[in-house]
Amino acid sequence: MDFTDTSPDEWVARIAGMLLLVALSALFSGLTLGLMSLDKIGLEVVIGAGEDAAATEQEKKLADAAKKIAPIRKDGNLLLTTLLLGNVAVNSLLSILMADLTSGMLGFVVSTAVIVLFGEVIPQAACSRHALVIGAKSVPIVKCIIVLFYVFAKPVSLLLDAFLGQDVGTIFTKKELWKMLDIHVKQEMIDDEESWIMYGALHYKSQTVAAILTPMRDVYMLPATAKLSRDTVREIYSKGFSRIPVYATSRNNVIGLLFTKDLVFIDPDEAISVQHFVHIFGRGVHRVWPDTNLGDLLKAFKMGHSRLALVQDVNNKGDGDPFLEAIGVVSLEDVIEEILQDTFRTEGDVTGRCSIIAQQCHGCAIGGRRKQTAVRHVDHSAMRFLGVASDDDDMYLTTEEARDLAVHLVAHQPVFQMRKTGGKSFFPLVAYGRETPNGPRIYSQAHVANHCVIVMEGSVKVTTGRFGLVSERGVWSVLGAESLVVPANTHVPDFSAFVSNKFGKILCVQISHVDFQQMLHPISLCRTKPQRSATVSERSPPKRFDVPKLAHSLSDHVRPAAERDEAKERLLFDDRSGSSLGEDSSSNWGALEWTLRISAVVILTVLAALFSGLTLGYMSLDKNGLQIIIDAGEDPNATDEEKKNAEYARKIKPLRSDGHLLLTTLLYGNVSINSIMAIAMADMTTGLIGFFVTTVILVIFGELIPQALCSRHALAIGGRSVPIVKFFLFAFYVAAKPVAMVLDFFLGYEIGATFTKLELTKMLEIHVKQQMLDADETDIMKGALYFKRKPVASVMTPIEN
């Protein structure tokens with residue numbers, strides 16, 4: 001272009017036009033990523049949380065923003081089509097204008113740099129962080145743009161609705177919900193106890209009675225012929241059970257239940273028979289099958305069908321006729337413990353013993369993941385009066401406690417997973433604390449330890465690392481297990497452990513290195529090659545081939561400045577000549593050159609589709625969401641679909657870990673391709689025709705279809721595209737990394753999305769509507785989120801009642 005022929009006023013107008021186009025490009029680009037990344041379900045969650053009476057000011061503010069966005073986000077395909085039409089049209093105009101103002105190559109470089117930095121990277125990075133706030137403030141502008149492009153956008157959106165379906169929100173499976181809760185625990189949005197209860201609520205209905213029942217051989221029962229004498233009553237109280245099955249001819253023939261609380265009405269000196277006593281109160285037995293799920297059993301208990309059920313099954317063994325056989329009992333406490341993932345201390349535990357797996361009302365312990373924080377409070381005088389325990393006995397584990405402890409150690413500690421050869425039947429208990437001779441310190445960092453400690457009561461504070469990070473370990477915690485399998489006097493713990501200040505003393509089982517080696521077979525430890533973390537990308541091998549150069553340089557595709565000046569009147573703003581120039585110029589091109597140019601346009605369109613679709617697809621995949629999918633796929637019960645999605649997520653996660661570098665790289669590629677196409681198409685036809693053709697091609701095939709597909713199948717498409725993206729990350733690294741570092745500095749590193757407790761509550765309610773959860777499960781989970789906030793006064797029974 002001959003700059004001497006351009007007046008200052010024209011230069012000012014052109015620069016002002018460029019600035020306006022850059023601003024519009026930023027608006028369209030930022031809103032495309034920002035609004036389309038706002039999930040419909042997520043908007044409902046935010047709105048519901050803000051409408052709650054207990055909502056904070058921040059939650060109410062975000063809810064107001066979500067209410068403004070929800071109507072335009074409802075028709076996702078129409079919104080996407082409108083924003084992409086505007087974005088591509090503005091970028092095409094800007095590229096053509098920049099190429100016309102300067103030489104072809106300079107126009108390409110300048111337009112690419114300007115659009116990438118100010119029209120794509122900065123607005124998209126800002127909108128991805130503050131999508132609700134920016135989106136709400138931009139709603140009036142977006143509505144105007146929708147009206148402006150409605151005639152063009154609506155037919156395209158209807159086609160997308162027909163072929164791809166309506167956009168739906170993200171719904172989690174039960175496995176994914178559990179993994180999401182686990183992430184919220186790590187982010188300290190909810191605590192461990194709340195998450196365990198919610199986990200139990202998600203899974204208890206998949207459990208059957210057979211999984212938690214107590215076998216009949218372990219059930220404390222009374223024969224119907226027994227007399228309720230003073231000795232029998234003392235025995236009943238010493239067991240500490242609230243309900244005792246009564247059998248007639250055999251333990252298989254249960255005729256009723258004896259409630260311990262009813263014994264207050266009898267005189268032990270009269271020695272009334274158990275059968276007569278049971279008939280007086282009419283305590284029947286509720287019977288269930290072993291394959292009954294815990295959800296149905298809980299409903300039966302809630303309807304008043306006792307608090308203990310007899311489990312019966314058909315016995316087909318032998319030559320005789322099949323008959324019903326009592327195989328065990330199950331109580332309400334069993335079901336509640338399965339939900340709470342915790343155990344209760346026995347109601348009438350007059351011995352004061354707090355078993356590690358607490359006795360149930362029917363006298364058994366169940367397996368599973370358990371926690372216990374109760375402390376023994378032993379009334380030795382009462383124990384002596386009843387004649388059921390002594391001070392010395394209290395300092396040893398019983399046979400049942402030792403069995404429960406052994407099951408836990410074998411299940412959770414590798415060094416105990418071996419065959420037992422002998423040894424003592426009882427483990428001695430060791431007391432630690434300020435009130436004991438052993439003192440409060442159990443382990444000291446950097447001091448040799450030759451023993452393993454299992455916490456039986458109370459809790460232990462453990463400090464680790466250079467900065468003294470403190471964590472609290474409760475009952476079932478095993479410390480120093482490694483000391484048992486290494487040579488003596490070689491284990492130096494990297495932590496310190498001492499009794500928590502809230503306990504005067506705690507009780508532990510202490511196993512020495514010598515005792516352990518005498519009790520168990522020697523352990524063969526093999527040295528395994530450390531596995532590399534799947535999330536760490538290996539160093540890319542050196543490139544064997546250079547990137548091929550374009551057959552023609554960009555300057556060859558742009559008309560000389562004199563020709564552009566000559567045709568300036570007919571380029572963009574004057575269509576008086578119609579398409580005559582395009583017809584004249586195209587007539588001079590040979591068929592081969594046309595074929596090559598069209599092929600180049602097709603290749604550029606495919607690349608534009610790749611960059612555009614992956615930009616929306618990858619950036620809509622939240623870091624925490626990827627981790628949820630990975631964890632769900634690693635579950636032993638995961639489906640093939642969940643395992644496949646987990647594999648895709650595992651491939652994507654390393655790329656997604658540096659979100660700004662990935663975003664900048666994809667936008668560099670996308671804008672570069674769009675600029676080349678705009679310049680090439682303008683050179684093949686008249687400027688106005690080139691503008692429209694470029695816009696239509698890029699919008700439909702390079703933006704709309706790939707983004708609509710990637711927004712629905714981001715995992716599958718993104719997982720398969722990882723090798724290509726890694727190549728472009730390497731190719732654009734020099735240009736993209738500095739921009740990414742600047743974004744990291746000003747906007748901070750991207751973190752995964754988490755929900756507040758109110759938002760979690762609303763999300764659970766939405767899952768009920770989508771029939772992913774039922775009302776019982778949701779009520780339990782919502783109760784777990786808020787039960788710690790409720791005072792005792794809200795649930796107590798008034799003394800007058």
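This is a predicted model: local features need pLDDT of at least 70, side-chain atom pairs count only at pLDDT 80 or more; totals for chains, interfaces and linings use all residues.

Residues are numbered from 1 along each chain as its sequence is written, and side-chain values use heavy atoms, with hydrogens and water left out.

The unreviewed UniProt entry lists "transmembrane region" at several spans, including residues 12–35 and 594–618; such positions follow the numbering used here, with feature names shortened, and annotations may be inferred rather than shown by experiment. Residues 12–35 are 100% helix and 0% strand, with end C-alpha atoms 34 Å apart. For residues 594–618 the content is 100% helix and 0% strand, and the end C-alpha atoms are separated by 36 Å. Helices (H or I, at least four residues) and strands (E, at least two) are DSSP runs, numbered from the N terminus.

Now look at Leu 743 in helix 26 (residues 733–747). Leu 743 is buried, at 8% relative accessible area; buried means under 20%, exposed over 50%, and partly exposed in between (1.4 Å probe, protein chains only). Leaving aside residues up to four places away in sequence, Leu 743 touches Val 121, Ala 125, His 660, Thr 664 and Gly 748, where contact means heavy atoms within 4.5 Å. His 660 is 83 residues from Leu 743 along the chain, yet their C-alpha atoms are 6.7 Å apart.

Next come the charged pairs. The whole structure holds 20 salt bridges, each a side-chain nitrogen of Lys or Arg within 4 Å of a carboxyl oxygen of Asp or Glu. In one of them, Arg 14 meets Glu 10 at 3.2 Å, N to O. Because these two residues are 4 apart in helix 1 (residues 8–36), about one helical turn separates them. Arg 14 is buried at 12%, whereas Glu 10 is partly exposed at 26%.

Finally, a network of salt bridges links Asp 52, Lys 762, Glu 765 and Lys 782.
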